[in-house]
Amino acid sequence: MSQDPKNFVLVGVKKSVLAIAKNDGRILWQVELPGSVGGYGFVNLTSDDSLVYAHAAGRLHAIELKTGKLLWTNELSGFGYGLATMHVP
């Protein structure tokens with residue numbers, strides 16, 4: 001379901017990314033991140049006009065902002081499973 005990103009809040013929690021409607025709190029879309037293992041439920045998020053970038057359990061994921069469709073995952077091989085910071089210029 002396509003939504004206007006101005007009308008929702010992105011939440012990264014328990015290895016998932018959710019879009020929550022600002023006006024009533026309902027979940028508009030939700031995606032569980034693949035390959036999220038162990039106790040690393042923390043999800044770091046950033047976004048631009050079309051994509052959400054989510055980092056969890058050592059992997060970087062790109063998600064379509066309006067629909068929640070998972071587009072790709074990068075294993076970030078060799079960098080471990082710790083937390084990461086991100087910036088989209």
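Ala57 is buried, with a relative accessible area of 4%, where buried means under 20% relative accessible area, exposed means over 50%, and partly exposed lies in between, as judged with a 1.4 Å probe and protein chains only. The model is a predicted one, in which local features need pLDDT of at least 70 and side-chain atom pairs count only at pLDDT 80 or more, while totals for chains, interfaces and linings use all residues. Residues are numbered from 1 along each chain as its sequence is written, and side-chain values use heavy atoms, with hydrogens and water left out.

Ala57 is found in the loop between β5 (51–56) and β6 (59–64), and its phi is near 50 degrees, a positive value in a residue other than glycine. The strands named here are DSSP runs of E with at least two residues, numbered from the N terminus, whereas helices are runs of H or I with at least four. Two strands pair if DSSP finds at least two bridges between them; β5 and β6, which run antiparallel, are joined by six bridges, and Leu51 stands opposite Glu64 in β6. The hairpin that they form has two residues between the strands.

Strand β6 also has a partner in β7 (residues 70–74), to which four bridges join it in an antiparallel arrangement. His61 has Thr73 in β7 as its bridge partner. Five residues lie between β6 and β7 in their hairpin, and Gly68 in the turn has a positive phi of about 85 degrees. β6 is mostly covered, since five of its six residues are buried.

Is Lys14 buried or exposed? At 70% relative accessibility, Lys14 counts as exposed, whereas Ala57, at 4%, is buried.

Phe8 and Trp29 form it in an edge-to-face manner, with 6.3 Å from centre to centre and 80 degrees between the planes. The pair links distant parts of the chain, as Phe8 lies in strand β1 and Trp29 in strand β3 (residues 27–32), 21 residues apart. Phe8 is buried, with a relative accessible area of 5%, and Trp29 is buried with a relative accessible area of 5%.

For the chain as a whole, there are zero helices and seven strands. Of its 89 residues, 35% count as buried. The radius of gyration, taken over C-alpha atoms, is compared with a globule rule of 2.2 Å times the number of residues to the power 0.38; a compact globule of 89 residues would have a value near 12 Å, and the 13 Å of the chain agrees with this. Along its principal axes, the C-alpha trace spans about 40 × 30 × 20 Å.

Note on methods: Phe/Tyr/Trp six-rings, centres within 6.5 Å; stacked < 30°, edge-to-face > 60°.
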